[in-house]
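Here are a few notes on the pockets, written for someone new to this. Have a look at the model first, then read on.

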Amino acid sequence: MEKRVVFRSAWLPYLLVAPQIAVTIVFFFWPAVQAAWFSFQLQDAFGLSTEFVGMQNFRELFDNPNYLESFKITALFSALVAVSGIAISLVLASMADRVLRGALAYKTLLIWPYAVAPAVAGVLWAFLFAPSVGIVTFALKQFGIEWNWVLRGDQAMALVVVASVWKQISYNFLFFLAGLQSIPRSLIEAAAIDGAGPARRFWTVVFPLLTPTTFFLLVVNMVYAFFETFGVIDATTQGGPAGATQILVYKVYHDGVKSADLGGSSAQSVILMFIVITLTVIQFRFVERKVQY
C-alpha cells in the first residue's frame with residue numbers, strides 16, 4: 001500500500017512551502033505582471049511621467065524591421081543551440097557509458113563546464129577566437145580561413161552558438177548518462193544475439209528508450225537558448241556586428257536599459273514570454289506523441 005505523510009497540523013504543509021511560494025511570487029509572477037502593465041504605457045526617458053497608450057508599443061514593434069529580424073536570428077540561434085547541444089551530449093554520454101578505465105575522471109571533466117558562468121564562458125571562447133591573438137583563429141588561418149567575428153555576422157553567430165552549446169553540454173550529458181545507465185543490459189544483449197550491430201542496437205533499442213529524456217532536454221534547451229544565453233552574448237558580441245546576434249532576450253535588455261524605452265522593452269518581454277509558452281505547449285502537444293514512456 002502507498003504510504004502517505006500525515007501532518008499533525010493542517011497549516012504545517014503550507015508553512016513548509018511558503019518560502020518557495022514567496023520567492024516565486026516576488027521574483028517571477030510580480031515582475032511578469034509589471035511587464036504586462038508597463039507594455040501598455042509610454043514612459044519618458046527619466047521615468048518621471050507615464051501615459052497609457054494601449055497597443056501602441058506592440059504596433060510599433062511589429063512595424064520595426066529590426067525587431068522582425070530578431071525573430072529570425074532567435075529562431076536560427078535557438079535551433080542551432082538546442083539541436084547541437086543535444087546531439088553532442090548524446091554522443092559524449094554514449095562514449096562515457098562504454099568507458100571502463102578512468103570513467104570517473106572522464107565524467108568529471110565533462111561535468112565541469114556547467115559550473116562556469118555564462119559570461120565567463122563567453123569571454124573564454126571570445127579569447128580563443130580573438131581575431132588577433134586567438135589560438136583557434138591562428139589554427140584556422142593555417143587552413144586558409146580568415147576569422148574575424150568582430151566584423152562578420154556569420155562568424156559572430158558561430159561564436160555565440162559554440163560558447164552556448166559548450167556551457168550547456170554538461171547539463172545534457174548528465175541526463176543522457178543517467179538514462180543510458182537505466183536501460184537494462186539484457187535488452188541490448190538480446191538485440192546483439194539477434195545479430196543487430198552497434199548502430200542498429202542504438203537506434204532500435206537504446207534511443208527509443210531515451211525519448212523521454214530527449215524530449216525533456218529539448219524543452220529545457222529551447223528555454224535555455226531563449227533566456228539563459230544572455231550572459232554569453234553580452235560578454236562577447238553584445239548583439240553585433242550590425243545586430244547579427246541580437247536575439248530577442250538581448251534586444252529586451254538593449255531597448256529597456258540602454259535605450260531607456262521601458263514600454264517597448266516590456267512589450268517585447270511579453271511577446272517573448274508568449275512565444276516560449278506557445279513553443280512549450282506545441283512540444284508537449286505534438287512532439288510528446290512520439291515519446292515512448
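This is a predicted model: local features need pLDDT of at least 70, side-chain atom pairs count only at pLDDT 80 or more; totals for chains, interfaces and linings use all residues.

1. Residues are numbered from 1 along each chain as its sequence is written, and side-chain values use heavy atoms, with hydrogens and water left out.

2. Among the residues lining the second largest pocket are D97, R98, R185 and R201. α9 brings the largest share of that lining, 5 residues. The space there is about 290 Å³. (A pocket is an open set of points on a 1 Å grid over the protein atoms alone, where a 1.4 Å probe fits, with protein on both sides within 12 Å along at least five of seven lines; lining residues have an atom within 4 Å of a point. Points are joined across faces, edges and corners, and the volume is what probe spheres set on them fill.)

3. Now for the largest pocket, with about 420 Å³ of space. Its lining has 11 nonpolar residues, 1 polar and no charged. F27, F28 and F29 are among the lining residues, as is S269.

4. Which helix gives the most to the lining of the largest pocket? That's α1, with 6 residues. α12 (248-258) and α13 (262-285) each supply at least two. (Helices are DSSP runs of H or I, at least four residues, numbered from the N terminus.)

Terms used: Ala, Val, Leu, Ile, Met, Phe, Trp, Tyr, Cys and Pro count as nonpolar, Asp, Glu, Lys and Arg as charged, and the others, Gly among them, as polar.
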